Amino acid sequence: MVTGVDETAVADHYTVDGLGMLILDALKASGKLNTLSPIDLAPVDEFHMGGRIATQHIIGLMNLPRNANVLDVGCGLGGVARYLAAECGCRATGIDLTAEYVRVGTMLTERTGLADKVDLRVGSALYLPWPEATFDAAVTFHVAMNIADRPRLYAEIARVLRPGSPFAIYDVMQGPKEGLLFPLPWAETEETSFLVTAGEMRSLLDNAGFEIVHEEDRREIALKHHRDRLAAQSAAGGPPPLGLHLLQGPTASLKSRNMVNMLEANQITLGAIIARRRA
Ligand SMILES: C[S@@+](CC[C@H](N)C(=O)[O-])C[C@H]1O[C@@H](n2cnc3c(N)ncnc32)[C@H](O)[C@@H]1O
């Protein structure tokens with residue numbers, strides 16, 4: 001169930017009509033369509049700074065056992081969920097507000113042969129439709145910046161996790177300098193953007209029953225990744241057919257320029273946290 005004005009505005013922001021065909025056409029143009037594997041989708045299905053490299057690093061910090069039952073909150077197209085299934089041998093369940101992402105993500109899961117290990121469904125992170133202690137681990141990548149009610153978000157995730165379970169967070173946070181530029185990849189205006197500082201994040205997690213076991217600032221790493229990507233594109237004479245521009249509409253380059261400018265100016269930062277639900 002999608003509730004509240006903010007959630008509808010968020011889902012509208014991310015919805016791209018005909019996204020499935022756009023992605024399939026780009027895969028065809030890249031010669032990948034007939035032999036599709038999860039890694040081929042990484043340019044488009046890892047909608048967070050640093051893409052697949054960030055996913056590998058952060059999921060690696062969790063030390064997940066094979067067959068762990070992992071929840072991906074705000075799964076988008078399901079790139080992280082498919083990574084968990086294909087590379088870590090986990091069962092992954094994703095939940096996301098944006099019905100179009102879940103539809104296209106489910107099609108991509110089927111095409112990569114992972115339908116028995118990955119389940120994506122439409123819903124709100126604030127009303128998780130599972131009983132308490134359902135999951136062995138949870139992740140959320142670049143989602144919470146759309147969520148105003150952070151206490152409820154982390155309380156819901158704590159509720160569905162078994163005591164002692166790891167929870168990985170990779171999020172954009174408010175930096176030490178004032179001011180935001182819009183549009184951004186996650187919001188057209190400040191009406192659907194709700195950043196917190198790293199200090200506020202620590203209190204939120206503590207209050208929800210999590211203990212932080214690892215924390216890192218990935219701002220410099222993300223900026224380097226961005227510069228390397230721009231250099232590769234310029235050497236290749238333009239962006240490849242498959243990329244995050246397919247998800248961001250006509251203002252795609254302005255959105256990523258604004259984000260990078262704010263990272264450089266310390267108006268935003270990027271945090272990765274591994275927390276553990278207290279027993
Ligand atoms: C920038 S995308 C990141 C998607 C994915 N985590 C990834 O890294 O590729 C943000 C996602 O968060 C989802 N989202 C935002 N607010 C949400 C909420 N309250 N409940 C569920 N999903 C939400 C959006 O629909 C969108 O798919």
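I95 stands opposite R121 in strand β3, and this pairing is a handy way into the parallel strands β1, β2 and β3. Please keep in mind that this is a predicted model, in which local features need pLDDT of at least 70, side-chain atom pairs count only at pLDDT 80 or more, and totals for chains, interfaces and linings use all residues. Residues are numbered from 1 along each chain as its sequence is written. Helices (H or I, at least four residues) and strands (E, at least two) are DSSP runs, numbered from the N terminus.

- Strand β2 runs parallel to β3 (residues 118-122), and 5 bridges join the two; strands count as paired if DSSP finds at least two bridges between them.
- Between β2 and β3 the chain passes through helix α6 (residues 99-111), and this β-α-β crossover is right-handed. Right-handed here means that, with the strands pointing away from the viewer, the path from the first strand over the helix to the second runs clockwise.
- Strand β2 also runs parallel to β1 (residues 69-73), again with 5 bridges, and D72 stands opposite G94 in β2.
- Because 5 of the 6 residues of β2 are buried, the strand is largely enclosed by the rest of the structure. A residue is called buried if 20 or more other C-beta atoms lie within 10 Å of its own, exposed if 12 or fewer, and partly exposed in between, with C-beta atoms placed from the backbone.

**Around the ligand**

- The ligand is surrounded by 26 residues, and the closest are F47, G74, G76, T98 and A125. A residue belongs to this shell if its C-beta atom, placed from the backbone, lies within 6 Å of the molecule.
- The elements giving two or more residues to the shell are α1 (5-14), α5 (79-88) and β2 (91-96).
- Helix α1 provides the largest share, 4 residues.
- By residue type, the shell divides into 15 nonpolar, 8 polar and 3 charged. In this scheme Ala, Val, Leu, Ile, Met, Phe, Trp, Tyr, Cys and Pro count as nonpolar, Asp, Glu, Lys and Arg as charged, and the others, Gly among them, as polar.

- Helix α5 is mostly covered, with 7 of its 10 residues buried. These buried residues are G79, V80, A81, R82, Y83, L84 and A85.
- Just after α5, G89 takes a positive phi of about 70°.
- In α7 the buried residues are L153, Y154, E156, I157, A158 and V160.
- Those buried residues of α7 pack against β1, β4, β5, α8, β6 (210-217) and β7 (268-277); two residues are in contact if their C-beta atoms, placed from the backbone, lie within 7 Å.

**Backbone details in the loops**

- The peptide bond from F182 to P183 is cis, with omega near 0°. You will find P183 in the loop between β5 (166-174) and α8 (198-207).
- N67 is not a glycine, yet it has a positive phi of about 70°. N67 sits in the loop between α4 (51-60) and β1, and it is exposed, with 12 other C-beta atoms within 10 Å.
- H142, not a glycine either, has a positive phi of about 55°. Its place is the loop between β4 (137-141) and α7 (150-160), where H142 is buried, with 22 other C-beta atoms within 10 Å.

**The chain as a whole**

- The protein chain holds 11 helices and 7 strands. Its radius of gyration is 18 Å, close to the 19 Å that the globule rule gives for 279 residues, so the chain is as compact as a globular protein of that length. The radius is taken over C-alpha atoms, and the globule rule is 2.2 Å times the number of residues to the power 0.38.
- The C-alpha atoms fill a box of roughly 50 × 45 × 35 Å, taken along the principal axes.
- Of the 279 residues, 41% count as buried.
- Among contacts with a separation of 6 or more, 79% are between residues 24 or more positions apart.
- S253 lies in helix α11 (residues 252-264) and is exposed, with 11 other C-beta atoms within 10 Å.
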